[in-house]
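Biologist: I'd like to learn how to read a protein model. Could you take me through one, feature by feature?

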Amino acid sequence: MQHLTQNTQPIDRREMLKRSGMGMGMLALAGLTSKEHLQAANTTHHPPQAKQIVHLFMNGGPSHVDTFDPKPLLKKYHGKPLPNPNLPTERKTSGALESPFQFKKYGESGIEVSELFQNTASHIDDMCIIRSMHSDIPNHEPSLLLMNCGDNALPRPSFGSWVNYGLGSLNENLPGFVVLCPNGFPVVGPKNWRSAFLPGSFQGTHLDTKETDVSRLIENINNPQSPKRQRRQLDLLQKINQRHLTNRGHDSLLEARIQSFELAYRMQFEASDVLDLSKEPKHIQEMYGDGLQGRQLLMTRRLLEKGVRFIQVWHSGGQEWDHHRGIEKSLRKLCGQWDQPIAAFLTDLKQRGMLDSTLLLWGGEFGRTPVAELPAMNGRDHNHYGFSMWMAGGGVKGGHVHGATDETGFAASENKVHVHDLHATMLHLLGIDHEKLTYRYAGRDFRLTDVHGHVVKEILA
């Protein structure tokens, strides 16, 4: 109470509420690191099927008609106008472009999958293919924000931030939301994993996974000081920062920065261990392969074991799945980089008994057109009218196809699933009612799905 007597100037009601309210962030941040909060993380609206999420993000927009949504009619109309008129596209397009890849049935479910993902398809009976996804706009920037933050324009917290806000941490020594993205940032950068108006501790922690050495993967992870000496230094720093915070009238951004020092101190001991892939047995490393995506997914499995709640794995900082031309050669390359690692990841989770509690999502921000883009005639334009994503584990119905696009794959036509519906369903699998997970900001109760979204019950196991 001493600091209150230092300022004899009266304050009005608005200022009093501002000063009081801004302190809530520190209470939430302090709660994140308490054992009570960790134990309370199991409190949900209904019994959860999953407790962690892995989002494999093929940024750029993978072609559904070349991967998980076969359209034989495209061969008949190759180079010709489609039987139904073309929908408006972002760039000029021409006639149908048949898929150069063969599809065949896999598993007991007999779901057709492209040859590009034949290893992944060996797990098709654990996968739910959603062939009727659709979104709002055929541009990368707004579509990325919609897929990640539930809004294509306004600043909103990301999915991972909402999940950690709602459920809390499973490990007080690691961030609850980790983003693995090699070679820089994707389109719109950190906005994809921001916390926006939620406390800063819920934002994603980015790791540039092109680095293989832990000391380069996380800067300043090693400290030459002894842990005991570091602890004394940090305690002193926290006292100074707390005094600074008090004088500033409780700044939520400053509160988050102060808390990050504590997390960084604890991370240096556990993160160094979990990110050191050399500790894995040789046969496990060989199962994932020695490529970048294999390293990312092996790292993901180790982070899951340590209790990281939400992990987003990006292909790279570029938009490599943005196939406006040369789609056959490029898709063979990119899918080849993922096929073995994804199959290994699913195998690894199953043999460790982790798949049932881990919800896996694969996809991009939209799909591609079934028609060829001019002038090259060997690529596909953006398509938000209809595309595919798949999920596995975490309470979804395996060996199942939900919805469909029209006969040429241009638009979702049966059991359509909007991005808001996808978010609502994923939250449901975590035990969260998407209409009840709210945060009051600027006089309004916000939620991930805004005023939209329905749980897609048909895909629940």
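**Reading the model step by step**

Modeller: Let's begin with His323, which sits in the loop between strand S8 (310-314) and H13. Keep in mind that this is a predicted model.

Biologist: Is His323 buried or exposed?

Modeller: The way to tell is relative accessible area, and under 20% means buried. His323 has 3% relative accessibility, so it counts as buried.

Biologist: Which residues is His323 in contact with, leaving aside its neighbours within four places in sequence?

Modeller: Those contacts are Ser330, Leu331, Leu334, Arg368, Gly379 and Arg380. Take Arg368: it is 45 residues from His323 along the chain, yet their C-alpha atoms are separated by 8.1 Å.

Biologist: Let's zoom out. How many helices and strands does the chain have?

Modeller: It has 14 helices and 19 strands. The chain is 461 residues long, and buried residues make up 53% of them. If you take contacts between residues at least 6 apart in sequence, 78% join residues at least 24 apart.

Biologist: What should I know about the inside of a protein?

Modeller: Here's the general idea: in soluble globular proteins, nonpolar side chains tend to be buried together. In this model, the largest nonpolar core has 52 residues, and the members touching the most others are Leu56, Phe117, Leu275, Leu303, Trp338, Ile342 and Trp390. Helix H13 (residues 327-351) gives the most to this core, with ten residues.

Biologist: What does Leu56 touch, not counting residues up to four places away in sequence?

Modeller: Its partners are Leu297, Val313, Trp338, Ile342, Leu360, Leu361, Trp362 and Gly363. There is also a second, separate core of 43 residues, and Trp162, Phe197, Phe310 and Val456 are among its members.

Biologist: Now for strands. How do I picture their side chains?

Modeller: In a regular strand the side chains alternate between the two faces of the sheet. For a pair of strands, look at S3 (residues 103-106) and S4 (residues 111-114), which run antiparallel and are joined by four bridges. Within that pair, Lys104 stands opposite Val113 in S4. The two strands form a hairpin with four residues between them, and Gly107 in the turn has a positive phi of about 70°.

Biologist: Which residues have a positive phi although they are not glycines?

Modeller: Ala442 is one of them, with a phi of about 55°. You'll find Ala442 in the loop between strand S18 (439-441) and strand S19 (444-446). At 70% relative accessibility, Ala442 counts as exposed. Asp450 also has a positive phi of about 55° without being a glycine, and it is found in the segment after S19.

Biologist: Where is there a cis peptide bond?

Modeller: Go to the bond from Leu374 to Pro375, which is cis with omega near 5°. Pro375 lies in the loop between strand S11 (371-373) and strand S12 (382-383).

Biologist: How would I look for empty space inside?

Modeller: Rolling a probe the size of a water molecule over the atoms shows where empty space is left. Searching the whole structure this way finds two cavities of 30 Å³ or more. About 80 Å³ of space lies in the largest cavity. That cavity is lined by 13 residues, and the closest to its centre are His55, Asn148, Phe159, Phe310 and Gln312. The elements giving two or more residues to its lining are helix H6 (140-149), helix H7 (159-167), S8 and helix H14 (419-429).

Biologist: How many of the nine residues in H7 are buried?

Modeller: Seven of them are, so H7 is mostly covered. The buried ones are Phe159, Gly160, Ser161, Trp162, Val163, Asn164 and Leu167. Just after H7 comes Gly168, with a positive phi of about 80°.

Biologist: And H14? Is His420 in that helix buried or exposed?

Modeller: His420 lies in H14 and is buried, because its relative accessible area is 8%. Not counting residues up to four places away in sequence, His420 touches Leu146, Gly150, Thr449, His452 and Gly453.

Note on methods:
Residues numbered from 1 in each chain as written. Heavy atoms only, no water. Core = buried A, V, L, I, M, F, W, Y, C linked by side-chain atoms within 4.5 Å. Buried < 20%, exposed > 50% of the residue type's maximum accessible area, 1.4 Å probe, protein only. Contact = heavy atoms within 4.5 Å. Pairing = 2+ DSSP bridges. 1 Å grid on protein atoms, 1.4 Å probe; cavity = no way out; pocket = protein on both sides within 12 Å on 5 of 7 lines; lining within 4 Å. Points joined across faces, edges and corners; volume = space filled by probe spheres on them.
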